[in-house]
Amino acid sequence: MSTAIHTGRKPKHASSRADSRQEERIRIRAARLRVTTDKKLGRQTPAWVEELAKQKL
Amino acid sequence: MRVAPAAAPRRAIAEEQWWDIVGSLGPVATLLAASVAALLAWRTLAQRRQADQRSQWWARTQWALDAAMSEDPARREVGLGVLELLASSDLAGDEEVEIISIAWAGPLADRWHVDDDVSFGHNEETSNGSEVER
């Protein structure tokens, strides 16, 4: 009779995908913050930052 | 020439009228003084309230900056989101917004390194076609 050990860990590839998604969400938040601060300071925001800020979380 | 007998009572009546005028202004002066006092008190209260709000705003900003610099990705995301809200507040002056700007530099720096055409020290193209010098 075999005993299965459940560690509760997710598969490695699923974990790295989640990490990558989390990093992307952080970049989007950072881009939104930059758009807000640039607007407040009267500075121009680079186009790629504006595009990133428009992405869904 | 003889002084008319009615002159003295007329002066007395004139003095009485002067006192009457001053006496009638008493309540107006009291009301004016009370209004000025109330205005000054209101201004002091408004200034204190704004100082309190700025103090609380700064405390939240410190927490959010700390969270945005955290190693924990979930905490970083929350910190950046809160900073965005705090930066859009009327309580944030130019200097405070400059401080908050530090938070986006880290996460967006990764992107600058990834993109071949955009990196530190180079001009960045803006949405309206002009370039931003970093």
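1. In which helix of chain B does Ala68(B) lie? Ala68(B) belongs to helix α1, residues 7-68. Helices here are DSSP runs of H or I with at least four residues, strands are E runs of at least two, and both are numbered from the N terminus.

2. Ground rules. This is a predicted model: local features need pLDDT of at least 70, side-chain atom pairs count only at pLDDT 80 or more, and totals for chains, interfaces and linings use all residues. Residues are numbered from 1 along each chain as its sequence is written, chains are lettered from A and ligands numbered from 1 in the order written, and side-chain values use heavy atoms, without hydrogens and water.

3. Chain B overall. Chain B has four helices and two strands. Their order from the N terminus is α-α-α-α-β-β. Of its 134 residues, 25% are buried. Buried means under 20% relative accessible area, exposed over 50%, and partly exposed in between (1.4 Å probe, protein chains only).

4. Surroundings of Ala68(B). Ala68(B) counts as buried because its relative accessibility is 4%. Outside four places in sequence, Ala68(B) contacts Arg76(B), Gly79(B), Leu80(B), Leu83(B) and Ala103(B). Contact means heavy atoms within 4.5 Å. The C-alpha atoms of Ala68(B) and Val78(B) are 7.3 Å apart, at ten residues along the chain.

5. The core. The largest nonpolar core has 25 residues; Leu33(A), Leu80(B), Leu83(B), Ala103(B) and Leu108(B) touch the most other members. Elements giving two or more residues are α1 (12-41) and α2 of chain A, plus α1, α2 (73-87), α3 (94-100) and α4 (102-114) of chain B. α1(A) gives the most, six residues. Such a core is a set of buried Ala, Val, Leu, Ile, Met, Phe, Trp, Tyr and Cys residues joined through side-chain atoms within 4.5 Å.

6. Ala103(B). Beyond four places in sequence, Ala103(B) touches Leu33(A), Leu65(B), Ala68(B), Met69(B), Leu80(B) and Leu83(B).

7. Helix α2 of chain A. In this helix, residues 47-54, Trp48(A), Val49(A), Leu52(A) and Ala53(A) are buried. They lie on the same side of α2(A), because they cover an arc of only 140° around the axis. The arc is taken from the directions from the helix axis to the C-beta atoms.

8. Surface of chain B. Ile99(B), in helix α3, is partly exposed because its relative accessible area is 30%. Chain B exposes about 9,700 Å², 58% of it from carbon and sulfur atoms. Accessible areas come from the Shrake-Rupley method with a 1.4 Å probe; for residues, only the protein chains shown count as cover.
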